[in-house]
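Hi there,

Here is the structure I promised to pass on to you. Please have a look at it first, and then read my notes below.

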Amino acid sequence: MKTVLTIQSHVAYGYVGNRAAVFPLQRLGIDAVAVNTVQFSNHTGYGAWTGQVFTAEHIADIIDGIAARDALPRCDAVLSGYMGDVGLGGVIVQAAARVKAANPKAIYCCDPVMGDVGRGFFVRPGLPEFIRDHAVPAADLMTPNQFELEYLTDRKVATLDDALSATASLRARGPGLVLVTSLTRDEAPADSIEMLVDTADGAWLVATPRLALDPAPNGSGDAVAALFLAHYLKNFDPAAALEQASAAIYAIFETTGRMGTRELQLIAAQDDFVNPPRRFAATRLR
């Protein structure tokens with residue numbers, strides 16, 4: 001059994017951060033060791049919430065306690081999402097380094113949660129720069145959305161060539177694999193949305209129908225990162241993981257839309273995201 005140390009936000013109500021990642025990981029046969037960087041009543045997309053961001057000292061103490069159980073050598077990957085602030089970011093990057101030192105085969109998957117198209121940045125000042133300058137070089141796998149990819153590479157992405165140029169630029173700074181979790185480009189059909197995987201050995205693109213979800217559910221990027229990582233850890237096949245993750249998140253979106261809620265319906269869709277009823281073939285680009 002594979003084990004993932006997942007360090008992300010937590011909400012009591014709804015599905016973002018670890019609430020969007022832990023159950024998919026577990027349902028796909030991954031043992032998830034969850035460390036929560038925040039505890040909020042609900043995600044911030046509602047405009048009001050209660051709770052707090054945990055201190056860097058608190059998270060470091062939790063990591064030390066996990067290490068004391070000799071759990072770090074058994075971790076196959078570290079998955080990080082919303083970091084909270086720069087101090088927390090430092091603890092998370094250090095935790096990934098500790099895991100990789102304890103298990104040289106382990107990988108660090110960084111979901112650079114910082115903003116999105118239409119919303120702009122929604123994290124504390126200094127965190128985007130920290131992710132760009134410190135998390136990117138430390139990561140083996142990164143899962144930015146299009147907005148985050150543009151920021152991290154200082155490039156505008158409007159075409160497929162733009163996207164590939166940006167992912168290559170990001171890979172040159174550290175991560176060997178980049179998954180763009182949502183790609184909207186000028187030459188693609190308006191009724192589709194794409195995901196792109198780029199590695200040194202090849203690049204693949206997959207398109208799925210764009211569902212009319214209003215409002216769009218928060219946490220979809222968190223879920224996609226977990227789904228992709230879970231499938232990637234099986235045999236380290238990026239194209240297969242892309243196809244499986246795209247089919248899984250589409251199944252979750254379909255169920256969410258059918259139930260008429262803004263929260264991802266992970267529980268209702270659990271059988272469908274494990275065995276998706278609809279599949280989407282990835283196209284090799286190079």
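A residue is called buried when its relative accessible area is under 20%, exposed when over 50%, and partly exposed in between (1.4 Å probe, protein chains only). This is a predicted model, in which local features need pLDDT of at least 70 and side-chain atom pairs count only at pLDDT 80 or more, while totals for chains, interfaces and linings use all residues. Residues are numbered from 1 along each chain as its sequence is written, and side-chain values use heavy atoms, with hydrogens and water left out.

Let's start with the aromatic rings. Rings of Phe, Tyr and Trp (its six-membered ring) pair if their centres lie within 6.5 Å; planes under 30 degrees apart are stacked, over 60 edge-to-face, and the rest tilted. There are six aromatic pairs by this rule. In one of them, Phe228 and Tyr232 are stacked, with 5.8 Å from centre to centre and 10 degrees between the planes. These two are four residues apart in helix α7 (residues 220–235), so about one helical turn separates them. Helices here are DSSP runs (H or I, at least four residues). Phe228 is buried at 1% relative accessible area, and Tyr232 is buried too, at 14%. Together with Phe236, they form one aromatic cluster.

Now the cysteines. The structure has zero disulfides (pairs of cysteine sulfur atoms within 2.5 Å).

Enjoy exploring!
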